[in-house]
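Dear colleague,

Please find below the structure that I am handing over to you.

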Amino acid sequence: MSFKPLNAASAVLAAALLSGCVMSHHAPMAGANSAHFVHEASVGSNFEIMSSRLALRKSHDSNVRSFAKMMIKDHTGASADLRNAVAQSNVNPAEFSKMLDGEEQAKLNELKGLNGAAFDEAYINDQRAAHSDAVRLFRNYNANGRSESLHRFAASTLPTLEMHERHAYSLQP
C-alpha cells in the first residue's frame with residue numbers, strides 16, 4: 001500500500017497547523033497525525049454512543065430512536081475496530097479515549113436538560129455536526145494517514161460515517 005505525499009498547498013497548511021497559526025480543537029490535522037486521529041475518532045464515537053443512549057431514554061420519535069439504535073450498534077463496533085487498529089500501530093494506546101472532551105461533555109450535558117421536540121432537534125443537530133466532523137477527519141486520514149492499520153480502519157469506516165451523515169440530515173427535527 002502506498003500513501004500520497006503532501007502537495008505544496010497541503011504542506012503549507014500542515015506547517016501553519018503545526019506552528020499553531022491555524023488550530024481548531026476538532027479540525028483534522030493536515031499530514032494526518034495518527035495520535036490526533038485516534039483521539040478525535042474515539043472521542044467522537046464516544047459522544048455518538050452516549051448521546052444516542054440518552055436519545056433512547058428521552059425521545060419518543062420512532063425515527064430518532066431507530067437512528068440512535070443504529071449509532072450505538074455501529075459506533076460500538078467501530079470503537080472496537082479502532083482499538084484493534086491502534087494495537088497494530090505505533091500509536092500510544094492512551095490516545096484511545098473512553099471519555100469525552102470538554103466540548104462533547106458540554107453538548108451531552110445540554111442534551112440531558114432537554115425533553116420532547118427540543119431534545120430531538122438538539123440531538124439531530126449534534127449528530128449532523130458530529131458526523132460532518134467525523135467524515136472530514138476520516139477522509140483526511142484516509143488520504144494522508146501514516147499508520148497502515150489506522151489507514152485501513154479509516155478507509156473501511158468512512159462509507160458508514162458518510163451513510164450516517166446522510167441519514168442524520170434526512171431526519172426532521
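Leaving out residues up to four places away in sequence, serine 45 touches His75 and Ser79, where contact means heavy atoms within 4.5 Å. Please note that this is a predicted model, in which local features need pLDDT of at least 70 and side-chain atom pairs count only at pLDDT 80 or more, while totals for chains, interfaces and linings use all residues. Residues are numbered from 1 along each chain as its sequence is written, and side-chain values use heavy atoms, with hydrogens and water left out.

Serine 45 has its place in helix α2; helices (H or I, at least four residues) and strands (E, at least two) are DSSP runs, numbered from the N terminus. With a relative accessibility of 7%, serine 45 counts as buried. The classes are buried under 20% relative accessible area, exposed over 50% and partly exposed in between, with a 1.4 Å probe and protein chains only.

Serine 45 also belongs to the lining of the largest cavity: 24 residues line this cavity, and Glu40, Gly44, Ser45, Glu48 and Ala134 lie nearest its centre. A cavity is here a set of points, on a 1 Å grid over the protein atoms alone, where a 1.4 Å probe fits but cannot get out, and lining residues have an atom within 4 Å of a point. The elements that give two or more residues to this lining are α2 (34-58), α3 (62-87), α4 (102-112), α5 (116-144) and α6 (148-170). Helix α2 provides the largest share, eight residues.

The largest cavity holds about 290 Å³ of space, and the count of cavities of 30 Å³ or more comes to one. For these values, grid points are joined across faces, edges and corners, and a volume is the space filled by probe spheres set on the points.

**The chain as a whole**

The protein chain has six helices and zero strands. Of its 173 residues, 46% count as buried. Among contacts between residues at least 6 apart in sequence, 74% join residues at least 24 apart. The accessible surface of the chain comes to about 8800 Å², of which 54% belongs to carbon and sulfur atoms; areas come from the Shrake-Rupley method with a 1.4 Å probe, and for residues only the protein chains shown count as cover.

**Aromatic pairs**

The whole structure contains six aromatic pairs. Rings of Phe, Tyr and Trp (its six-membered ring) pair if their centres lie within 6.5 Å; planes under 30 degrees apart count as stacked, over 60 as edge-to-face and the rest as tilted.

Phenylalanine 37 and phenylalanine 153 form an edge-to-face pair, at 6.3 Å centre to centre and with 65° between the planes. This pair links distant parts of the chain, with phenylalanine 37 in helix α2 and phenylalanine 153 in helix α6, 116 residues apart. Phenylalanine 37 is buried, at a relative accessible area of 1%, and phenylalanine 153 also counts as buried, at 6%.

Phenylalanine 119 and tyrosine 123 form a stacked pair, at 5.9 Å centre to centre and with 10° between the planes. Both lie in helix α5, four residues apart, about one turn of the helix. Phenylalanine 119 is buried at 0% relative accessible area, and tyrosine 123 counts as buried at 0%. Elsewhere, ring pairs link Phe37, Phe138, Tyr141 and Phe153 into a cluster.

**Further residues**

Phenylalanine 67 lies in helix α3 and is buried, with a relative accessible area of 0%. Beyond its neighbours within four places in sequence, phenylalanine 67 is in contact with Tyr123, Gln127, His131, His164, His167, Ala168 and Leu171. Leaving aside neighbours within four places in sequence, lysine 98 is in contact with Asn46 and Met50. Serine 156, in helix α6, likewise counts as exposed, at 52% relative accessibility.

Yours sincerely

Technical notes
On a 1 Å grid over the protein atoms alone, a cavity is a set of points where a 1.4 Å probe fits but cannot get out, and a pocket is an open set with protein on both sides within 12 Å along at least five of seven lines; lining residues have an atom within 4 Å of a point.
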